[in-house]
Amino acid sequence: NQPPPPQSVGRTARAGVHLVTDDDVRVRSDERRRLLNELELERNQLMRNIETCRIRDIDRPFIGVWSLKDIVGHVATWEAHYVTAIREVRAGKPSPLQDFDESKRDAWNQDHVERKADLNFWSVLEQLRGGRHRLLDELEQISDEELTAEDGEYVPIVRSTLEHDREHWHQIAAILAGMAGVRKTTAEETD
C-alpha cells in the first residue's frame with residue numbers, strides 16, 4: 001500500500017515548480033481579496049470626495065494651482081502608468097516604475113496635467129474610471145501566488161496605486177472640511 005498523496009496543489013511560478021498546501025492557497029486567496037478590497041475602498045473614497053466638490057472647483061485652483069480636473073487627470077495618468085507597469089512585469093520586463101526619476105516627478109506631473117488641459121472634466125473623469133477597469137483586468141490575469149508574493153513586483157505597484165488614491169482623497173477631504181493641511185497617509189510622509 002502506498003500512502004495517499006499529500007493535500008497540495010502544484011503551481012508553476014517563475015522560480016520553478018513547487019508545492020503549495022491548501023492552507024497556502026487559502027491564505028493567498030484571502031490576501032488577494034484583502035488587497036483588492038483595499039484598492040476598491042480607497043478609490044470609492046476618492047470618487048465620493050470628487051463628487052462632493054462644487055462645480056466651480058472643476059476648473060479653478062482647488063489644491064495649490066491645480067483644479068479638481070487637474071487632480072482627477074493626474075490620478076488617471078498615474079493609474080495608466082501603473083497599468084503599464086503591471087503589463088511590463090507580466091511580460092517578464094522590469095517595471096518602468098523602477099527607473100522613474102523621483103527628482104523629475106513634479107515636472108512629469110505638470111507635463112501630464114497640461115496634456116489634459118483641453119479635455120473637459122467629464123472626459124477626464126471617465127479616463128479615471130476606465131483606468132481602474134483596466135487595472136482590475138490586468139490584476140485578474142495574475143495568479144494569487146504571484147500577486148501576493150512578499151518579494152514580488154506586483155504588491156508595490158498595487159500599494160502605490162491605493163496610496164496615491166488615499167493621498168488625493170485626503171487632500172480633497174481637507175479642502176472640503178476647510179482644513180489647512182492633510183494628515184500623513186504613508187510611512188514615508190510621517191518620517
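## A histidine between helices

H74 is buried, with a relative accessible area of 6%. Welcome to this predicted model; this residue makes a handy starting point for looking around.

**Around H74**

To find H74, look in helix α2. Which residue joins its side chain to that of H74 through a polar contact of 2.9 Å? The partner is H164. Leaving aside residues up to four places away in sequence, H74 touches W66, N109, V113, H164 and H168. Two of these, N109 and V113, belong to the α3 side of the contact between α2 and α3, while H164 and H168 belong to the α6 side of the contact between α2 and α6. H74 itself takes part in the α2 side of the contact with α3 and also in that with α6.

| Helix pair | Residues | Angle | Axis separation |
|---|---|---|---|
| α2 and α3 | 68-90 and 105-115 | about 110° | 9 Å |
| α2 and α6 | α6: 154-176 | about 175° | 10 Å |

Let us take α3 to begin with. Helices α2 and α3 pack at an angle of about 110°, which makes α2 roughly perpendicular to α3. From α2, the contact uses D70, H74, T77, W78 and H81, and from α3 it uses R105, W108, N109, H112 and V113. Sorted by class, three residues of this contact are nonpolar, five are polar and two are charged.

Now for α6. With an angle of about 175° between them, α2 and α6 are therefore roughly antiparallel to each other. On the α2 side, the contact includes L68, I71, H74, V75 and W78, and on the α6 side Y154, I157, S160, T161 and H164 are among the residues taking part. How do the residues of the contact of α2 with α6 divide by class? There are 11 nonpolar, five polar and three charged residues.

**The whole protein**

Stepping back, the protein has seven helices and two strands. H74 is one of the buried residues, and 38% of the 191 residues in the protein count as buried. Among contacts with a separation of 6 or more, 68% are between residues 24 or more positions apart. The protein exposes about 11600 Å², and carbon and sulfur atoms supply 50% of that area.

Notes
Residues are numbered from 1 along each chain as its sequence is written. This is a predicted model: local features need pLDDT of at least 70, side-chain atom pairs count only at pLDDT 80 or more; totals for chains, interfaces and linings use all residues. Side-chain values use heavy atoms; hydrogens and water are left out. Axes are lines fitted to C-alpha atoms, for helices over the stretch in contact, and angles run from 0 to 180 degrees between N-to-C directions. Helices (H or I, at least four residues) and strands (E, at least two) are DSSP runs, numbered from the N terminus. Angles under 35 degrees count as roughly parallel, over 145 as roughly antiparallel, 65 to 115 as roughly perpendicular and the rest as oblique. Contact means heavy atoms within 4.5 Å. Ala, Val, Leu, Ile, Met, Phe, Trp, Tyr, Cys and Pro count as nonpolar, Asp, Glu, Lys and Arg as charged, and the others, Gly among them, as polar. Buried means under 20% relative accessible area, exposed over 50%, partly exposed in between (1.4 Å probe, protein chains only). A polar contact is a pair of N or O atoms within 3.5 Å; within protein, one must be able to donate a hydrogen and the other to accept it, and residues adjacent in sequence count only if both atoms are side-chain atoms. Accessible areas come from the Shrake-Rupley method with a 1.4 Å probe; for residues, only the protein chains shown count as cover.
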